[in-house]
There are 2 protein chains.
Amino acid sequence: MPSKVPMRLVIVGGVAGGMSAATRARRLDETASITVFERGSYVSYANCGIPYALGGVIKDDAALVLQTPQAVNDRFNIDVQINKEVLSINRENHTVDVRAKGSESIQQVPYDKLILSQGAEPFRPPIGGIDLPNVFTLQTIPDLQKVKAYLAEHGGTRVAIIGGGFIGLEVADALHNLGLEISIVEYMPHVFPPLDADLAGPLHAEIRRHNVNLLLNARIEKIEAPGIDTPGRVVLVDGVPILADLVIVVVGIRARTSLAEKANLKIGKTGVTVNPFMQTSDPDIYAVGDMIESEHRITGRALQLALAGPANRQGRLAADNIFGRKISYRGNVGTSACKVFNLTVASVGFSVTSLLQMGFDPLWVTVHPPDHAGYYPGSHPMTLKVAFEKETGRLLGAQAVGTAGIDKRIDVLATAMQAGMTMFDLEHLELAYAPPYGSAKDPVNMAGFVGSNLLRGDVNIIHAEDLKIGQDAAQIVDVRSPGEVSRGYIPYAVNIPLNKLRENVSTLDKGRRVVVYCQVGYRGYLAYRILKQKGFDVVNLDGGYKSVLEGGFKALQTSREKL
Amino acid sequence: MPSKVPMRLVIVGGVAGGMSAATRARRLDETASITVFERGSYVSYANCGIPYALGGVIKDDAALVLQTPQAVNDRFNIDVQINKEVLSINRENHTVDVRAKGSESIQQVPYDKLILSQGAEPFRPPIGGIDLPNVFTLQTIPDLQKVKAYLAEHGGTRVAIIGGGFIGLEVADALHNLGLEISIVEYMPHVFPPLDADLAGPLHAEIRRHNVNLLLNARIEKIEAPGIDTPGRVVLVDGVPILADLVIVVVGIRARTSLAEKANLKIGKTGVTVNPFMQTSDPDIYAVGDMIESEHRITGRALQLALAGPANRQGRLAADNIFGRKISYRGNVGTSACKVFNLTVASVGFSVTSLLQMGFDPLWVTVHPPDHAGYYPGSHPMTLKVAFEKETGRLLGAQAVGTAGIDKRIDVLATAMQAGMTMFDLEHLELAYAPPYGSAKDPVNMAGFVGSNLLRGDVNIIHAEDLKIGQDAAQIVDVRSPGEVSRGYIPYAVNIPLNKLRENVSTLDKGRRVVVYCQVGYRGYLAYRILKQKGFDVVNLDGGYKSVLEGGFKALQTSREKL
């Protein structure tokens with residue numbers, strides 16, 4: 001029931017989190033006065049669609065605009081004011097200072113409760129030429145319009161994308177549609193930093209298969225504008241300059257905290273600090289979305305996260321709490337997916353690299369099952385890597401890449417993770433199986449089987465990145481068929497096809513460790529079981545030869561010896 | 001480590017559960033003697049692929065045969081004997097009597113542990129003509145070969161499928177590929193009995209859109225074979241006879257319990273009784289797969305279930321327990337999916353109909369969100385219905401139908417259900433969002449929002465099947481736009497578009513209940529919030545007008561009155 005004195009709610013920012021908060025507030029209270037100030041000229045637009053609108057996959061930019069201020073007002077009786085920037089917060093008086101774009105006058109607006117949903121600023125690295133007119137960031141509809149206008153006016157066929165993260169890859173994928181020549185310039189050794197290197201391998205191949213010029217470990221010296229006779233270029237510290245008529249910079253974001261800072265609200269390392277009710281250090285001021293730090297469910301640590309789903313839920317929750325419902329935000333697990341040409345990559349929780357950096361001591365397994373039954377047409381193998389706690393089997397992270405069924409498996413694993421499930425639970429998980437959709441043993445079950453075997457001591461594994469080869473290392477046994485071996489193998493390996501292993505056990509040296517491997521890990525596991533029961537010290541190569549290939553690990557960079 | 005005296009394990013049945021048990025046993029014990037008796041001539045084949053092999057979607061029947069006896073022996077050192085039937089079990093002596101096909105002599109084979117994995121028998125209803133040579137069941141590779149041979153020899157363009165369940169629909173879908181004229185004859189009022197009627201509506205439309213002659217509530221009098229001058233027919237008690245050169249009977253299965261019965265093992269209502277370790281009433285005899293009853297996780301009751309995933313896991317678990325690992329089966333939730341032409345239908349847990357029949361008093365909600373962001377090309381709406389406990393919000397069942405993303409949402413909900421999650425948990429679930437894959441508010445979140453609103457009393461709903469119309473019923477308010485209304489509406493409704501509702505509240509009678517509805521339920525919910533806060537007794541129509549249309553409910557069968 002509405003309170004007697006109508007609540008005055010002011011919201012700063014009219015995209016995902018802000019608009020979710022505003023509409024939820026109205027559903028909870030018909031009498032509240034709800035005002036949204038948006039400094040840009042659009043509210044409630046789908047910024048996740050911007051790469052696709054640039055590439056013409058989404059034909060009409062207007063499709064991105066989900067609501068106009070007028071439509072929001074008509075439906076929700078919410079006062080949406082665009083082109084209005086909130087300059088400061090007077091916490092004592094409970095007012096904000098607001099200035100309209102192009103105006104000098106400042107309006108003082110009172111609030112009972114204030115919600116900040118200001119998002120994050122695209123980061124522009126301090127590179128020479130970063131402010132040139134052909135260099136763009138790509139976050140808002142005006143950003144999109146500027147890039148389109150530049151292309152329309154100046155033409156241009158060569159685009160350099162600085163940053164090989166989520167948005168950089170989406171932009172590359174979308175722009176490829178337009179027939180442009182694309183370069184991706186990534187500072188790190190692999191694209192998509194939330195991923196481990198071995199999962200990025202298939203992405204690199206896919207990107208290059210589409211004739212994109214992919215530069216990794218690339219340090220940019222400067223950007224040069226196109227001259228009258230000279231092409232625009234991105235000049236690297238080391239390497240051939242990249243010709244670029246247009247440069248798009250998508251190297252990450254920084255939470256917009258300056259308004260909150262000015263108001264002396266508590267700021268964390270990466271964003272505004274909030275409690276589980278989305279309250280800042282001032283109980284009458286809430287903050288949501290990309291500008292805040294929220295608790296990560298795996299580590300319990302505060303972390304900034306730029307995802308639309310959490311931003312929307314946080315906005316809804318801020319309104320819930322303002323209107324008297326005590327509902328806690330449960331923290332993030334960082335579930336995300338990205339289309340990279342014909343591949344999908346998705347992840348949840350942390351990569352093994354991140355876990356190790358944070359001081360975790362996880363176990364992890366890699367499987368390469370098909371997305372659906374191999375005997376039904378159109379089946380494709382995926383790579384699925386799951387990390388978990390050594391002591392309990394609790395899920396810590398999952399990453400997958402492949403042609404089909406990737407988002408499904410990561411969503412299932414994200415659900416399992418949020419439920420606190422372990423690898424043992426994945427063994428038992430009953431998932432839908434019909435030939436077009438899955439297998440009697442789903443990829444998630446497969447990961448569960450391998451992980452549980454490892455936890456129970458039924459198998460011991462070695463990861464491709466830890467594999468040492470050479471005369472003094474372990475004996476390596478390739479248990480694949482000779483035909484498979486002829487297409488590539490690990491140096492120093494001996495080939496004993498699995499079906500011949502029992503009868504050839506005596507050819508192996510019981511005094512030395514044996515590393516067995518097959519193509520994807522299953523036959524290696526069977527070989528492990530045979531050799532282990534014969535008394536060998538044996539380990540199976542996790543994910544098999546395919547993981548070595550995809551990861552581009554040392555073992556392969558050694559010159560190949562004769563078997 | 002292997003025991004001193006090698007275990008003698010005998011397995012009856014060499015398909016899903018049996019072969020999973022055999023290979024797991026070998027992985028656990030290199031020394032065990034493992035023998036599999038299969039009465040058919042194939043082991044380890046993908047019976048789930050048979051409809052597709054019949055329809056030529058799978059080009060080569062051989063693709064269904066995952067393993068030959070020889071290959072299993074070569075790899076696993078397992079003695080696989082095909083065309084051998086186990087006739088009886090002598091529990092006291094720990095032997096089974098085995099007879100080879102076409103032979104009279106009986107072989108006595110000793111066992112220490114016995115696993116039964118005999119599957120289920122296709123049910124042949126007692127109809128006149130059921131044993132005619134043009135009437136087939138379709139469970140095994142020989143069944144498949146018989147149908148193909150019949151078609152090759154006799155030709156025929158008209159196929160009647162008796163039974164509109166899972167396999168019947170897959171067969172219809174697959175045979176449609178061959179350009180045959182197909183009829184489906186279903187005894188019940190709708191296809192796919194695990195589903196509620198409203199979810200089956202879109203399936204009926206899709207089936208008929210593919211020119212399949214779909215007969216519901218159809219009682220068969222007899223089947224007539226094709227004569228020299230007369231076509232084969234399926235004659236109904238009531239209605240036009242169906243011309244059918246070939247009849248495929250897929251009306252369900254019965255657990256194969258006769259061997260277990262003869263051995264005086266405990267049998268339940270629908271299959272052999274086992275404990276959570278897959279042990280029958282004789283601790284040395286295990287049983288797995290379609291022939292047993294296992295506990296349903298929702299009801300705790302024993303139920304027969306014919307799904308390959310559970311069969312495989314049960315087989316693996318029986319071997320685990322035999323070789324000293326006490327691992328309990330966790331029961332089933334019945335997760336399944338089925339391709340029906342361009343639609344997918346999937347479900348987990350129980351339908352509302354089943355829950356009500358079993359004496360549950362559930363709540364349920366229906367949503368129609370798109371499979372991925374509407375602004376990205378190729379988005380399709382789905383229908384998702386979720387049932388849950390009134391008191392706790394615990395998930396009891398979920399059903400979905402649509403063009404894309406159906407199996408994903410049901411797998412997520414199946415995972416949530418197995419984790420014991422509630423509707424409140426679905427609100428918070430963080431799932432992967434990128435425009436090609438989902439929305440910031442995933443369909444699963446949407447169901448969670450609606451369900452949680454209902455549980456918290458933030459909305460009250462009425463289901464389409466309960467909607468009464470007429471002068472003496474509630475006032476019905478259609479809050480859609482006039483354009484939408486012009487394409488169809490609920491009789492007796494008045495049209496007040498949502499954005500005009502606040503200003504037109506006074507035109508409604510506060511003394512009578514108001515039913516609000518829109519196209520899919522969201523605007524109806526907004527209207528509910530407005531009217532409720534104005535003091536009205538109001539309910540929102542669950543799933544909106546779309547649910548009425550899809551369900552074909554009474555409200556629409558009444559003659560349409562003028563607005």
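## Exercises on a two-chain model

Between chain B and chain A there are 14 salt bridges. This model is a predicted one, so please keep that in mind as you work through the exercises.

**Exercise 1. Describe the contact between chain B and chain A, starting from the salt bridges.**

Solution. 
- Step 1: Pick out one example. B:Arg330 pairs with A:Asp425 in a salt bridge, and their closest N and O atoms are 2.6 Å apart.
- Step 2: Sort the side of chain B that touches chain A by class. That side has 46 nonpolar, 19 polar and 27 charged residues.
- Step 3: Count the residues in contact. Chain B contributes 92 and chain A contributes 92.
- Step 4: Finish with the area. About 7,800 Å² is buried between the two chains, and carbon and sulfur atoms give 53% of this.

**Exercise 2. Find the largest nonpolar core and look around one of its residues with the most contacts inside it.**

Solution. 
- Step 1: Locate the core. The largest one has 214 residues.
- Step 2: List the residues with the most contacts inside this core. They are A:Val96, A:Leu116 and A:Leu413, together with B:Val96, B:Leu116 and B:Leu413.
- Step 3: Zoom in on A:Leu116. Setting aside residues up to four places away in sequence, A:Leu116 touches A:Val12, A:Ile89, A:Leu259, A:Ala260, A:Leu265, A:Ile285, A:Tyr286, A:Ala287, A:Val288 and A:Met291.
- Step 4: Look beyond the largest core. Another core, of 51 residues, lies apart from it, and its members include A:Tyr376, B:Leu144, B:Ala172 and B:Ala200.

**Exercise 3. Is A:Glu206 buried or exposed, and which residues does A:Glu206 touch?**

Solution. 
- Step 1: A:Glu206 sits in helix 6 of chain A, residues 197-209.
- Step 2: Compare with the cut-off. Buried means under 20% relative accessible area. A:Glu206 has 6% relative accessibility, so this residue counts as buried.
- Step 3: Name the partners. Leaving out residues up to four places away in sequence, A:Glu206 touches A:Val340, A:Phe341, A:Asn342 and A:Leu343.

**Exercise 4. Work out the setting of B:Leu454.**

Solution. 
- Step 1: Helix 12 of chain B, residues 443-455, holds B:Leu454.
- Step 2: B:Leu454 is buried because its relative accessible area is 13%.
- Step 3: Beyond its neighbours within four places in sequence, B:Leu454 contacts B:Leu363, B:Trp364, B:Val365, B:Phe388, B:Val459, B:Asn460 and B:Ile461.
- Step 4: Take B:Trp364 from that list. B:Trp364 and B:Leu454 are 90 residues apart in sequence, and their C-alpha atoms are 9.1 Å apart in space.

Notes. Residues are numbered from 1 along each chain as its sequence is written. Chains are lettered from A and ligands numbered from 1 in the order in which they are written. This is a predicted model: local features need pLDDT of at least 70, side-chain atom pairs count only at pLDDT 80 or more; totals for chains, interfaces and linings use all residues. Side-chain values use heavy atoms; hydrogens and water are left out. A nonpolar core is a set of buried Ala, Val, Leu, Ile, Met, Phe, Trp, Tyr and Cys residues joined through side-chain atoms within 4.5 Å. Buried means under 20% relative accessible area, exposed over 50%, partly exposed in between (1.4 Å probe, protein chains only). Contact means heavy atoms within 4.5 Å. Buried area is the accessible area (1.4 Å probe) that two parts lose on being put together, summed over both. A salt bridge is a side-chain nitrogen of Lys or Arg within 4 Å of a carboxyl oxygen of Asp or Glu. Ala, Val, Leu, Ile, Met, Phe, Trp, Tyr, Cys and Pro count as nonpolar, Asp, Glu, Lys and Arg as charged, and the others, Gly among them, as polar. Helices (H or I, at least four residues) and strands (E, at least two) are DSSP runs, numbered from the N terminus.
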